[in-house]
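Open the model in your viewer and keep the sequence panel beside it. The tour below goes from one selection to the next.

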Amino acid sequence: MIRLKQISVFLIAITLAACSSSIKSDVTRFHQLPAPNGETIEVIAMDPNQQQSIEFANYAGMIGSQLGKYGYRPAQNSASQYIAEISYEIHPMGGVVEGRSPVSVGMGVGSGSRSGTSVGFGISTGLGSSRSEEKYLSRLHMNIVDLSSGNRIYEGHVENVSESPSLAQVMPFLVNALFEGFPGESGTSNTVTVKP
């Protein structure tokens, strides 16, 4: 019985691990970005209509926090040296659905007598669903501009496909993927996996 319990725990652990999700994002970057040296940077919206929105302020905070990890500083009551322009979007991919089959885990115990009769029981747990899900394409673009010259010194964009229609839920994955190994090798596209 002890051996059976150990096997049962192992099977459940494997099943739960298989159910854990992660999001793969495609990241493309081009840049002539010098190593950061404490430059000040301001995050602004490419679309002026988004600049005053609370949603934009939330995303700008995420990006500003990441830029801070790499040595940039927010502008304090003075003109910024750099600006980071961002834009974002999400939309359904149109007709792309995926059916998922249930996954079952079964466990059973049986014992038999010399007469050949046996007694047993089984437990089966269904995991997953068979419903169809529409896919959504999310994108985040970021450009960094050196205001002293007016030159764009970084261009990066990231996109992913998920089942969530909420950009707010997906945005942390997009931001983390964009800043994975920032600024990255110029002229490359990579797939980055970000776990929740």
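**Stop 1: Ser164**

Select S164 and S166: a polar atom of the S164 side chain lies 3.1 Å from the backbone nitrogen of S166. Bear in mind throughout that this is a predicted model. Still on S164, show the side chain of Q169, which is joined to that of S164 by a polar contact of 2.8 Å.

S164 sits in the loop between β8 (151–162) and α3. Is S164 buried or exposed? Its relative accessible area is 13%, under the 20% cut-off, so S164 is buried.

Next, select the residues around it. Apart from neighbours within four places in sequence, S164 is in contact with I90, Y136, Q169 and V170.

**Stop 2: Lys135**

Move to strand β7 (residues 132–146) and select K135, which lies in it. Then show E163, whose side chain is joined to that of K135 by a polar contact of 3.3 Å. K135 has a relative accessibility of 14%, so this lysine also counts as buried under the 20% cut-off.

**Stop 3: helices α2 and α3**

Colour helix α2 (residues 54–69) and helix α3 (residues 167–178) separately. How are these two helices packed? Their axes are 10 Å apart and the packing angle is about 20°. Because angles under 35 degrees count as roughly parallel, α2 is roughly parallel to α3. The crossing of α2 past α3 is right-handed.

To see what makes the contact, show side chains in two groups:

- on α2, E55, Y59, M62, I63 and Q66;
- on α3, L167, A168, M171, P172, V175 and N176.

By type, the residues of this contact divide into eight nonpolar, two polar and one charged.

**Stop 4: the cis peptide bond**

Select F182 together with P183: the peptide bond from F182 to P183 is cis, with omega near 0°.

**Stop 5: the whole protein**

Clear the selections and switch to a cartoon of the protein. It shows three helices and nine strands. Traced from the N terminus, the elements run α-β-β-α-β-β-β-β-β-β-α-β.

Finally, colour by accessibility: of the 196 residues of the protein, 33% count as buried, and S164 is one of the buried residues. If you draw the contacts between residues at least 6 apart in sequence, 76% of them join residues at least 24 apart.

Methods
Residues numbered from 1 in each chain as written. Predicted model: local features only at pLDDT ≥ 70, side-chain atom pairs only at ≥ 80, totals over all residues. Heavy atoms only, no water. Axes fitted to C-alpha atoms, helices over the stretch in contact; angles between N-to-C directions. Helix = DSSP H or I, 4+ residues; strand = E, 2+ residues; numbered from the N terminus. Parallel < 35°, antiparallel > 145°, perpendicular 65-115°, else oblique. Left-handed = near helix turned anticlockwise from the far one by under 90°. Contact = heavy atoms within 4.5 Å. Nonpolar A, V, L, I, M, F, W, Y, C, P; charged D, E, K, R; others polar. Buried < 20%, exposed > 50% of the residue type's maximum accessible area, 1.4 Å probe, protein only. Polar contact = N/O pair within 3.5 Å; in protein donor to acceptor, adjacent residues only side chain to side chain.
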